[in-house]
Structures are given as C-alpha cells and as structure tokens.
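This briefing covers strand pairing, an aromatic pair and a side-chain contact. Please read the points below alongside the sequence and the model.

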Amino acid sequence: MNRLRAALAASLILILVLGACAKPLPPPAPLAPPVEPAPPVVVEPPPPPPPSREQLLGEYVDKVRRLIRGHMLYKPKTLPRGNPETLVQVVLGPDLRVRSVKTVKSSGVKAFDTAVRRAIEKAGRYPDMPAGLDPAPFQTHKIKYRLHDLI
C-alpha cells in the first residue's frame with residue numbers, strides 16, 4: 001500500500017510540474033462579424049437610339065393622315081366605290097395653320113376630292129412638328145390620299 005501511495009504521490013507531483021511548465025493557452029480569437037452579401041449589381045440597358053429623320057417624318061405624315069381622316073364626312077349616297085386616290089397641295093403658314101388646299105390630281109370622284117379638301121380645311125392646323133424635323137419643307141406640300149388607307 002505504501003507503494004501505491006508513493007506511485008500516486010509521484011504521479012501527482014509529475015502532473016503539477018508539467019502543468020507549471022506548460023504555456024498558457026492563448027485567448028480565443030474574436031469571432032469575425034458576419035459578412036453581408038453585396039447588393040446586386042443592376043446593369044441598365046443603354047437607352048434606345050433616337051429615331052432617325054425618316055422615322056420622325058413617317059410618324060408625322062401618319063399623324064397628319066389620321067387628323068384628316070378624322071374630319072372626313074360622306075353622305076351614304078356619295079360614298080365612292082373602290083379605292084379612289086386624290087392628290088392635293090396644301091399651303092401652311094409658319095404656325096402650321098392651313099392657308100390653302102387645292103386638288104392637283106382628281107380621283108375622278110368629285111365628291112371624294114371635295115371631301116378630302118374640306119377635311120384638311122376643317123382640321124385647320126397641323127400637329128406640332130416633332131423635335132428634329134424642320135417645318136420649312138411642309139410650308140407647301142402634296143398629299144396623296146386614298147379612301148381606304150390603312151391608318
């Protein structure tokens with residue numbers, strides 16, 4: 001039993017000596033803050049190119065034709081058959097007001113030619129020109145007008 005005690009005492013002394021010689025453990029490293037996800041990168045598409053002069057002109061002519069069509073009046077008896085076409089010359093003032101309208105080429109249907117001229121006169125003023133178009137070429141111009149244009 002003395003041997004057992006002696007062995008236990010020796011073991012205890014060895015543990016104490018080893019514990020005194022051991023380096024202390026470093027303090028635990030601080031936890032890194034949580035990483036927030038980066039906001040999504042939004043790439044906007046480039047703006048569309050500005051319309052060309054030809055596109056602006058085409059859209060403007062369509063707008064004028066719709067304006068005229070909105071003022072066309074027919075009596076059921078005078079409604080011509082087929083798709084008559086007339087060519088009229090329009091003179092505008094600098095403020096785009098209609099100054100004069102005359103038939104350059106008749107459709108062969110007097111009532112239709114008259115209705116087109118009256119519709120232009122009744123419109124009174126053309127719509128404002130879009131930016132990028134010069135109104136000077138429109139001061140005097142010709143319009144070919146068909147009864148059944150797809151506008």
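**Strands, an aromatic pair and a polar contact**

Glu 85 stands opposite Arg 146 in β3. The model is predicted. Strand β1 (residues 85–92) and β3 run antiparallel and are joined by 7 bridges.

**Strand β3**
- In a regular strand the side chains alternate between the two faces of the sheet.
- The side chains of β3 alternate, with His 141, Ile 143 and Tyr 145 buried and pointing to one face.

**Aromatic pair**
- A search of the whole structure finds 1 aromatic pair.
- The ring centres of Tyr 60 and Phe 138 are 5.4 Å apart and the planes are at 75°, so the pair is edge-to-face, given that an angle over 60 degrees counts as such.
- Tyr 60 belongs to helix α2 (residues 53–70) and Phe 138 to the loop between α3 (110–123) and β3 (140–146), so the pair ties together parts that are 78 residues apart in sequence.
- Tyr 60 has a relative accessible area of 2% and is buried.
- Phe 138 also counts as buried, at 13% relative accessibility, because the cut-off for buried is under 20%.

**Gln 55 in helix α2**
- Helix α2 also contains Gln 55, which is partly exposed with a relative accessible area of 45%.
- A polar atom of the Gln 55 side chain lies 2.8 Å from the backbone nitrogen of Ser 52.

Notes: Residues numbered from 1 in each chain as written. Predicted model: local features only at pLDDT ≥ 70, side-chain atom pairs only at ≥ 80, totals over all residues. Heavy atoms only, no water. Phe/Tyr/Trp six-rings, centres within 6.5 Å; stacked < 30°, edge-to-face > 60°. Helix = DSSP H or I, 4+ residues; strand = E, 2+ residues; numbered from the N terminus. Buried < 20%, exposed > 50% of the residue type's maximum accessible area, 1.4 Å probe, protein only. Polar contact = N/O pair within 3.5 Å; in protein donor to acceptor, adjacent residues only side chain to side chain. Pairing = 2+ DSSP bridges.
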